[in-house]
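Please open the structure in a viewer and keep the selection panel at hand.

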Amino acid sequence: MKELLGATGLVFNEPLLWEQGKKGRSGYSLPRRDVDSSPLDAKEVGSGPDFPDLSELDVVRHFTRLSQWNFGVDSGMYPLGSCTMKYNPKTNERQASLRGFAAAHPLLPAELSQGVLRMMFDLQQHLGEITGLPAVSLQPAAGAHGELSGMMIVRAFHQDTGTPRSKILIPDTAHGTNPASAALCGFTPIPVESNEQGVLSPEHVASVMDDDTAGIMVTNPNTLGLFEEHIREIADIIHDRGGLVYVDGANMNAVMGIVSMGEIGVDVMHLNLHKTFSTPHGGGGPGSGPVCVRAELEPFLPVPRITKKGQKYSLSEEYPKSIGRLQAFYGNVGVLVKAYSYVLSMGRDLKQASQLAVLNANYVRKKLTGVFHLPYDRPCMHECVFSDKNQEENRVSTLDMAKRLMDYGFHPPTIYFPLVVHGAIMIEPTECESKETLDLFVDACRKIAEEARENPALLHDAPTKPRARRMNETEAARRPCLAG
Amino acid sequence: MRYFPHTAEDIEEMLQEIGLKSLDDLFAQIPEECRKAGDLVLPGPLTEWELNDHMDALAGEMAVSPEYRIFLGGGSYSHFVPEVVRQLLLRSEFYTAYTPYQPEISQGTLQAIYEYQTLTTRLLGMDVANASMYDGASALAEALLMAIRNTKRKKVAVSRLVHPLYRQVVQTYLSAPGFEVEEIPFQEDGTTDLSSLEDLKEYAAVAVQSPNFFGCIEDLEAQGKRIHTDQKTLFVVAFTEPLAYGLLKSPGEQGADIACGEGQSLGIPQSFGGPGLGMFAARQKFVRNMPGRLVGRTTDRDGNQGFVLTLATREQHIRRERATSNICSNHGLCALAVTMYMACVGGTGLRELAQLNHDKAEYLKKGLQNVGARIPFAVPTFNEFVIQVPGGLTKVRRRLLEKKIVAGVDISPFYAEFPEHYLLCATETNTREDMDALIEEVGS
């Protein structure tokens, strides 16, 4: 193995914000007062928030030091399965910060906001082309928000036909949020087991589908990184009983330009722009989760919708069957600008992104076969799922190995998910990693597997190189301290 | 494509390793009948430079300051954002990181969220705040769902002076699982009239916004007392302009059980309405029933202070369909921006800034009154207010537009009883000169 990626270096200790500063300091250039003071009635006035007063440099050092305790995609490989931690292009940040977008008020008259409306309209068209589901709303703020809108659309569709339904099928290889999103719409989630190959069997779906079931909520490719190869037949089964097929599109990065969801019987899906379309995860958000539907379901999409007459764009609320509004305004427009920039930068190369993402995942799968246990030993899509079964005899767990990867300079994969694999290690390299980086990652994994055999204590103690060691999470939950 | 590192040789070697001949072979698992017919029809690919030109052109079609002078509020506010905030947010260790599930290498995000939670509780006068939600409207909807879980009652009451678009979002969220939303009327002075609520036992929560949609400051204290005559009913205070609490009494000190609303004002670009920040805080006793992520303080193996995501058993990935919400993210980077902003402005600064905002709006209000505009609501306001101009503002607005002044949100689509009434807003970004120009046009 070449020189280790993970190294130690100088980082700084940094107290909490309110443990520093002094009354009278300021890090803000107070705008000039050009009007008289107009005091409010004393009964309205409070004592003002107890915030620290800091100088500008205090603030700059504080957050710079904090940032150095973090690992981001820009720091190193971030192979979190199902999270698609691809590179976040710098140019996208430039575009979103253009004043015309960043300073735009959402209640500007349409004639003064043509640029952003056109951008959004065109992005909808492009996402419609990519998914094969032509009617798109950009309003949902995140993947789970997209799921919620999608489920609301399914519910509204059945209500509109006069026969509301109460259940929804959710496979055991679906994303973790799906049951909660369905439940928020009043549906009872019915779990559906996948078969020995890790995919749904049409026979099984047929046996659980009935006239009170609104449809199926399937993640495709699923969380085992496998394409639901019987999706067409399953869609027919669901449709024959009057149901709808919802696809959680969080894993769309595997199949852009390769599968058209509209052509294979999907009725509703959401996309995660912060996964497939390169917008940054931001340490937990903001994301964006557009919902895409087939033309017949368009009336149910959230309002407002963007309409185009001639070359003029405007916002319209005149959709009486719509599920309603999901955010005060129109979605996370700042995020949409980045996704739009990505689509334009990529064009038809989006297909190549999917090809290379699948290539990288299969390369890692092949290289790590035998090192880690591979519960479903078959070619994968954009991610591959291993387990810690080979290391059990050494009393080394997935968690230990994940933590040890940090010492080697890698962010750990997604762990303990999907639940169908005990001790799951879910690796999604994305198309952005080079063969050299993948080789380093594979070497690190091999080395860790070796350590598991020869010196398990090293893994139990890991990580040792980051500034923080393993945290006492039990204590945090038992006696919650959520504010200082 | 510069985002792909693969050379033809790399691809060849990797395929060989896998035992395949072509990239197409990678997709053998996908049956032929599921393959997309034909290629994607998309514009591009654009070079970086072509993209810049294209985006500059689109952005150039937007009416923004300084070319335009904007007097719009109604849930999105123009405030100066220090350059410090913009640049620190571009520390890519922050913005290219995922949710901090691996605390050892996410302490930067975690400590910052802990600081955000703390400053939020201090601003709102509450005990606990979550790590943030999507926006003010969805935070309000989640607050009402939380009250429904907490009280096992199926109806909530929401003031008609809560932002109309927030009320629409509440309707969307609550009607899907079959809950009822009742609207509370308002009085002539522009504040909520709780007297119509006869039996509080029917309501899981009563929600009021202050400053409300008309900019009017509500008497939260009196309302809280009235609502708490029923022990179970939750008093939910919503807001769209949190800067107001730099000056006004906080929701917490006036009896709020939950305070929630939009944080955009505190350092987040307006970006045509999103992303914003759903701020959400509650009293301590509700902590295990709250939606959203929470960061808690703990220690690591060496006994050093550290932070982790905690109380996850409330959340969707553990409790699945019985979770307190389906939300599985927060608006982390927006919460970080707000933390940086609050750190820059500081306690002293926030009070001065809030006072300045109030004074600017008062200047505009008085100036417009002096040229004949009517102020229909008598109670004090913060940052925004409703006006009616004799003969209507619609014509004047057209004239203003020619001078590149955009003033007023028409409230009549939401309040049919107030035709030709407009909501005007002034903040620290509007100069006296600009306000004088607006006043002069309205008066002429």
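This is a predicted model: local features need pLDDT of at least 70, side-chain atom pairs count only at pLDDT 80 or more; totals for chains, interfaces and linings use all residues.

**Confidence**

Begin by colouring chain B by confidence. Its pLDDT averages 96, and 100% of its residues score at least 70. For the model, the scores are ipTM 0.97 and pTM 0.98.

**Where the chains meet**

Next, display chain A and chain B together. At their interface, 167 residues of chain B are in contact with 168 residues of chain A. Select residues 332-370 of chain B, which form helix H10. This helix supplies 24 residues to the side of chain B that touches chain A, the largest share of that side. When that side is coloured by residue class, 82 residues are nonpolar, 54 are polar and 31 are charged.

**The two domains of chain B**

Now hide chain A and colour chain B by domain. Domain 1 covers residues 69-81 together with 347-443, while domain 2 covers residues 83-341. The centres of the two domains, taken over C-alpha atoms, are separated by 27 Å. Across the boundary between them, 25 residues of domain 1 of chain B are in contact with 28 residues of domain 2 of chain B.

Which elements of chain B give two or more residues to the domain 1 side of this boundary? They are H10 and strand S11, residues 384-388. H10 of chain B gives the most to that side, with 7 residues. The domain 1 side as a whole consists of 14 nonpolar, 9 polar and 2 charged residues.

**The sheet of chain B**

Select the strands S2, S8, S7, S6, S5, S3 and S4 of chain B, which stand in that order in an open sheet of 7 strands with mixed pairing. Strand S2 (128-129) and S4 of chain B are at the edges; each has a single partner strand, so one side of each lacks a neighbour in the sheet.

Zoom in on strand S3 of chain B, residues 155-159. Of its 5 residues, 4 are buried, so the strand is largely enclosed by the rest of the structure. S3 of chain B pairs with two strands that can be selected in turn:

- Strand S4 of chain B, residues 180-184, pairs with S3 in the parallel sense over 5 bridges. Within this pair, B:Ser159 has B:Ile184 as its bridge partner.
- Strand S5 of chain B, residues 203-209, also runs parallel to S3, with 4 bridges. Here B:Val156 has B:Ala205 as its bridge partner.

S3, H7 and S4 of chain B together make a right-handed β-α-β unit.

Then move along the sheet to strand S6 (residues 234-239) and strand S7 (residues 258-262) of chain B. These run parallel and are joined by 4 bridges. B:Val237 stands opposite B:Ala259 of S7.

Select B:Gly224, which lies in helix H8 (residues 220-227) of chain B.

Show the surroundings of B:Gly224 next. Leaving aside residues up to four places away in sequence, B:Gly224 touches B:Phe235, B:Gln254, B:Gly255 and B:Ala256. Finally, draw a distance from B:Gly224 to B:Leu145, which is 79 residues away along the chain; their C-alpha atoms are separated by 19 Å.

Note on methods:
Residues are numbered from 1 along each chain as its sequence is written. Chains are lettered from A and ligands numbered from 1 in the order in which they are written. Two residues are in contact if their C-beta atoms, placed from the backbone, lie within 7 Å. Ala, Val, Leu, Ile, Met, Phe, Trp, Tyr, Cys and Pro count as nonpolar, Asp, Glu, Lys and Arg as charged, and the others, Gly among them, as polar. Domain bounds come from an automatic or database domain assignment. A residue is buried if 20 or more other C-beta atoms lie within 10 Å of its own, exposed if 12 or fewer, and partly exposed in between; C-beta atoms are placed from the backbone. Two strands pair if DSSP finds at least two bridges between them. A crossover is right-handed if, with the strands pointing away from the viewer, the path from the first strand over the helix to the second runs clockwise. pLDDT is the predictor's confidence in each residue, from 0 to 100.
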